[in-house]
Amino acid sequence: MSVSIDKLIISTPYLVPSEHWHYDRGTRSFSRKAGRRDAGYVVATKNSKSFDDPGVFVPIELVNQIRIRVDSWREAGYPGVTGITKRLLEYWVDSETRADKRFFFCQMEAIETLIWLTEAPDSDKIGINIPSDGGNFNRWCSKMATGTGKTVVMSMIISWQVLNKVTYKQDTRYSKNILMVAPGLTVKSRLQVLDPNNVDNYYEEFNIVPPTMMEQLRQGKVKIVNWHMLAWDDQASLDEKVEKGQLRSVDKRRRMEVSDEVYLKQVLEEMSGASNIIVINDEAHHAWRLPTESKVKGLKKEDLEEATIWINGLDRINNSRGILRCFDLSATPFVPSGKQAAEEALFSWIVSDFGLNDAIESGLVKTPRVVVRDDSKELDQQLKSKLYHIYGDEEVKDDLNRKDETAELPGLLKTAYLLLGKDWLETRKSWEELGHKVPPVMITVANTTYTASRINKAFLQNDIWVKELCEPDGLLQIDSSILNKADEILESGGSIEDIADADKNDELEDDAPVKKVSKKDQALLLRAKVNTVGKEGKPGEKLQNIISVGMLSEGWDARTVTHIMGLRAFSSQLLCEQVVGRGLRRVSYDVGEDGLFVPEYVNIFGVPFTFLPHEGGEDGPPPPPPSPKTRIEPIPEKIEHEIAFPNVVRIDIIYKPVLELKFEDIDNLYLDSKDTITEAVLGGIIEGKSSVAALTEIELRSFAEQHRQQTIVFRSAVTILNELGRNDWKGDKNIFLAQLIDIIEQFLMSDKLVIKDADFALDPLKKKILLIVNMTRIIKHIWYKINVHNAEGRELIFDRERPILTSSNMPTWYTSKQNEAFEKTHVSFIVGDSNWEIIEARTMQSSQFVKSFIKNDHLGLVIWYQWQGIPTRYFPDYLIKLKNGKYMVLEVKGKDDAKQQEKRKALDLWIRAVNEDQGFGEWCWDVSFDPEDLTEILLKHSC
């Protein structure tokens, strides 16, 4: 029977789950079902791209078989185990010893499974066959959700192995030599607690072994390395390459044929003489073998390099010394194989599984909540709020892919930050009331460094209305390149503690000279801050608003994350889980009156937690196209018809000292409440689906009551002024701001601003809310007219990587559309979206005024313009080089409307700015409304 989910936490984390929330994919409803959830994962229904896709459940059969046998073995009292193992197992569950440090069921099950595979009678394991990863050493993977205590399990593995080997020296099932491989220096630093010889270690903190056995445990050797150390360079050759400038970072090491002994001493140091080593891979999803005939779609070069170095390094250690067993731990052990989301994408050697749904239901992690609905009527066909996957909005996606670090954020994103920020502020206030010394943290996962810089700028300039989030001390944009620099310094022997302590203790007098901080110290300080987010008395304690692009690979984890903004493409459910994983760690483990953990939440905008394919494409090369297609590419022999053009990302305006604006020239701006989001409702996630559990509502009524109309006007003017901060204008800044305020006030009071919903138009508070969330549209609407009427000059800002594009840059592409070959064009064929475009091309080919022409298709000429206050791009149809030396941009349009007129205004500004630059020749533009008018247009511009 389907029920309404009132709470997601229904199990104690200390016992095997006795029930779970079951999602019926036929009725698409939840029910509370007795028994434990089967091990498995969900993938998208084949060919489905729907956000409402219920998905297909894929069981992990090996895990489900092993679970049954381990349960029986546990109930029977662990038959077959050694005396040391029996003592450890009993110690780990002893109620008196564990009064305040009980192990979670998922931790016990993970270690019990590994012990069962090693020590249980062979008769118990008949039919259990663990597949290989394709290499020559065995790997067993424990799959555990983020925040469920993998490091504790690692300490259990080490204790079990070392103590058995020290006691039973001839038993070949065990080793006292442990190699820990970490996915980054930050994780490596955290894993130092696994060395029993360290003062701060987990064995004593979590009472992993009886105090009387600590000396025996210290007879083992635990070597903890970053995966970079597995590269095949010796240190001398590496230093030489760095000195010569051949390598700029440790990440760029290359394989060298050095002797095995030199390699082993480099990696294992004092443990290099040992044999039959135990390897533990933390975050093991970074260590995989690339299938030989597979082409992995979308795989980053650095990810492939990491996986190759990691696994090849282990192969070399195994070939020289032998790896007794490799234990993998990961929350998301998937191989990016290039296949569809299917079982093959998952590590086939997984032996135990405690996934995200289990962790949520047992309260081990925060409950993720995503947007269930908002009050806008403008929803997509799947009835999902735009806040659910912000980047999925086409206009936002286009805008966030601009290579412009200074552009203002799109209106929908500002609204999202306002709503999520307001909810974050309420959380901060409640934390302060409870006595928390560190603030909650909101993180943003951005698609590019350009977007990250734009967001950082918006907060620094207070363009986001939640001023507390704009505090500079609490704001951090993470630069991955600087973090990499810090990691290089640390790996070469530098210390992060020195700069961290200096930053904390160095208090200058007010009149003391400002110290110049070196790039090295800046890098180390950034790493220190990232490593200590949410830790009292540390460099990162004040951080509350973090913006990053490479958050999944930067090696940091914070328990204080409460809000997540996802602003990137999410091609898989796995990626959604990895991003959300940054905010799943609990702050506390308080138990409520019902004996279950008190829920903690992480509220999420922009991460579409639903079922999508894990990877695209098929194994091996892509199949041939279903029908013959024409190849479009530049022809080297026709280089004389090459056309070059500036690759402009924006145009800066130099303004007149006195602003003028004729209101009769301004078009009406229509605001409609059904197109505007003013509140959102979030619901908890279970089985990958949003539910009505843990509902929370974010609304702006109280927020609007705190702000006067004049505040809205002033903030709008300041936003424009900040955008103009990169430009030059004559006159006093304050006078300029006063003029902007006057213009905006006049506009807001004029009949040019039309509120279509009478309820909002007549209610002052509702009207104020509408103005707040539509501020970006209002600003852009006015701003465009200011640009048109008040420009004294314009400056082109180019793409830094490719400031000039030419027809030679066009990539090879294929089409089944109609096409035709022409002599006067640089490319093989001109492709027409209509017969009309081909007719126009024939006219250009035969015209006495045309030297060369090309269709702007895959060419890269883009013009940005404003449409209803939203930055939008369009691609003009043709570029023409006339015989008189002029360049023409030609639009081919059969109809005219307001949107086309806005495009042409932007094109006119682009042409004016290019001509004022004087570095690209003389340019002009025109529009052909009929095939018969092109000859006259060409004549007009040739005179």
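Author: Buried means under 20% relative accessible area, exposed means over 50%, and partly exposed lies in between, with a 1.4 Å probe and only the protein chains counted. The structure is a predicted model, in which local features need pLDDT of at least 70 and side-chain atom pairs count only at pLDDT 80 or more, whereas totals for chains, interfaces and linings use all residues. Residues are numbered from 1 along each chain as its sequence is written, and side-chain values use heavy atoms, with hydrogens and water left out.

Reader: What makes the contact between Asp 328 and Arg 139 a salt bridge?

Author: The closest N and O atoms of Asp 328 and Arg 139 are 2.8 Å apart, and a salt bridge requires a side-chain nitrogen of Lys or Arg within 4 Å of a carboxyl oxygen of Asp or Glu, so the pair qualifies. The two partners come from distant parts of the chain, Asp 328 in strand E9 (residues 323-330) and Arg 139 in strand E5 (residues 139-144), 189 residues apart. Both Asp 328 and Arg 139 are buried, and both belong to a network of salt bridges that also links Asp 133, Arg 289 and Asp 315.

Reader: Why does Asp 399 count as buried, and why does Arg 454?

Author: Asp 399 has 0% relative accessibility, so it counts as buried, and Arg 454, at 1%, therefore counts as buried too. Asp 399 and Arg 454 form a salt bridge whose closest N and O atoms are 2.6 Å apart. This pair also links distant parts of the chain, with Asp 399 in helix H12 (residues 394-400) and Arg 454 in helix H14 (residues 449-460), 55 residues apart.

Reader: Glu 471 and Arg 428 meet in a salt bridge, but why is Glu 471 called partly exposed, and why is Arg 428 called buried?

Author: Glu 471 is partly exposed because its relative accessible area is 33%, while Arg 428 is buried because its value is 14%. The N to O distance of their salt bridge is 3.7 Å.

Reader: What makes Arg 190 partly exposed, and which residues form a positive surface patch with Arg 190?

Author: Arg 190, found in helix H5 (residues 185-190), is partly exposed because its relative accessible area is 36%. Together with Lys 535, Lys 538 and Arg 559, Arg 190 forms a positive patch, where Lys and Arg count as positive, and patch residues need over 30% relative accessible area and no salt bridge, like charges being joined within 9 Å.

Reader: How many salt bridges does the structure hold, and what share of the chain is buried?

Author: The structure holds 45 salt bridges, and buried residues make up 57% of the 943 residues in the chain.

Definitions and conventions: Patch = residues over 30% accessible without salt bridge, like charges linked within 9 Å, V, L, I, M, F, W, Y side chains within 5 Å. Areas by Shrake-Rupley, 256 points an atom, 1.4 Å probe, with all protein chains shown as cover. Charge placed at Lys NZ, Arg CZ, Asp CG, Glu CD. Helix = DSSP H or I, 4+ residues; strand = E, 2+ residues; numbered from the N terminus.
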